[in-house]
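Let's take a walk through this protein, looking at its rings and its nonpolar cores. Have the sequence and the 3D view ready.

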Amino acid sequence: MRFLASPRLLTVGALRMQHRSFSPKFTIMASRLASTLSLKDPSLLKTQGFIDGQWVDSKSGGKITVTNPATNEELGTIPEMDVTETCVAIEAAGEAFKTWSRTTAKYRHDILKKLYELMQTHAEDLAQIITLENGKTLKEAQGENAYSASFVEWFAEEAVRTYGEHIPSPTANVRNVVIKQPIGVVSILTPWNFPSAMITRKLGAALAAGCTAVIKPPPETPFSALALLARRAGVPDGVVNAVTTQKNVNEVAKEMCMNKIVKKVSFTGSTPVAKLLYGMAASTLKKVSIEAGGNAPFIVFEDADITQAVEGAIASKFRQSGQTCVCANRIYVQSSVYAEFASRLADKVAAFKVGNGLDDKTTHGPLIHDRAVNKVASHVEDAVSKGAQVLVGGSRIEGPGYFFAPTVLSDVPAHALINDEETFGPVAALTKFDTEEEVIKLANNTDVGLAGYFYSRDVGRVWRVAEALEVGMVGTNTGMISQAMIPFGGVKESGLGREGGHGIGEYLNTKLIVFGM
């Protein structure tokens, strides 16, 4: 594949002058929009990109319309930026790195703690923004903001733990010292399903390590990214930058991966896109962290606590209407308990209330767009055509918004499309199995390996199955595994590296210094 060279860089100063006249107008627009959304602090809603401490529009003047997936109503617009603004943002991050990388770990700790406190203070507004642009229920959005803030808090503490070491030398009068240094400018590309948490999981680690960043938020959910309170927390100009784009996403992504100023790329999204970005980053052998697609098995053994297993399946499968990378995608139930599990799960799902996430009675919101609904519908139609039975749901919900009825399918054959592809929607596909050996083979029969779940009260089986599943994360007798302090990531084609936990190491270089005496 041939890539075009980057256009001549604008200076940061020139970009500021170019857009300065637009700032008052867009500030008024943002304030009006925030007022209609009932935000307590209207200034949280930003409708421009953020480069070198300035809110800026695009050079072309192009706009991206952001809509509420529950109503199809327009929420506002953001700039359609291109490679020109991307280069300026990268250049600004490169200049800021020269000073930010030399700050003390304690200084960075304090700023991140301030950011954490601000996210707590503005939790109600930040959650409302997530619900409006993503569609998830307000309760889930509040949970995401808490989860998002937990990464900032965790990495604030990790900032002061980037220890080096002394390695004894076999040679007299020589001392070996290893130190850790920030890797440099980081490109961060994130998905729409967790518009706040997928940024802080990366950005928190990068800032704690002493790196600077350029963020490309998804065009479906940009306001959550732009509302992050880095500037109020005292983060210096140029340390955090955000470039918004939709139609220019290919050229922007190329620049973020291939620009020589950038030293690391961190991406969360689909496996096909991950492979493309990985190839681009390889042009300069950048360090890469990738969290790509999943196809999580959820296994219920005959000795499981069925009540607990049903609750775990609901938590894992139907969280955010099935739009998470660690959602249960294939549910395998041992034959002797299959009928009981299927009946109890169907009863629970039938009681769900689907609707606008801002409605207190809503338990499950919309999908993100019409393409998502079409994919879910195609998976259900394919499974039914191959012998599956619809126990609950199974169809679109007509009217405004992108809704698909929460669905439970029974007797789903192993060769159904839903077992080969990540559905990313509210469909629980149940398949019977007879033996442990059989289900391990079924569970591992996929090219990806992000997460897996199983329920059993047999201690020996717990260890055997946990070790046998070819995934990066296992939930045993639980449907929820995400936490700030654990290593999050997968194996096979689900990605490279780990986020959360001690993931600050992904943003550090290891340097050996050998002292002769």
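**Rings, charges and cores**

Start with R201, which lies over the face of F488, 4.1 Å from the ring centre. K136 does likewise with F194, also at 4.1 Å from the ring centre. (A charge counts as over a ring if NZ of Lys or CZ of Arg is within 6 Å of the ring centre and within 35 degrees of the ring normal.)

A quick word on the source: this is a predicted model, where local features need pLDDT of at least 70, side-chain atom pairs count only at pLDDT 80 or more, and totals for chains, interfaces and linings use all residues. Residues are numbered from 1 along each chain as its sequence is written, and side-chain values use heavy atoms, leaving out hydrogens and water.

W192 and F424 pair edge-to-face, with 5.8 Å between centres and 85° between planes. F298, Y453 and Y455 form one aromatic cluster.

What about the cores? (A nonpolar core is a set of buried Ala, Val, Leu, Ile, Met, Phe, Trp, Tyr and Cys residues joined through side-chain atoms within 4.5 Å; buried means under 20% relative accessible area, exposed over 50%, partly exposed in between, using a 1.4 Å probe and protein chains only.) In the largest one, with 60 residues, L203 and V240 touch the most other members. A second, separate core has 34 residues, including V310 and F352.

Note on methods:
Phe/Tyr/Trp six-rings, centres within 6.5 Å; stacked < 30°, edge-to-face > 60°.
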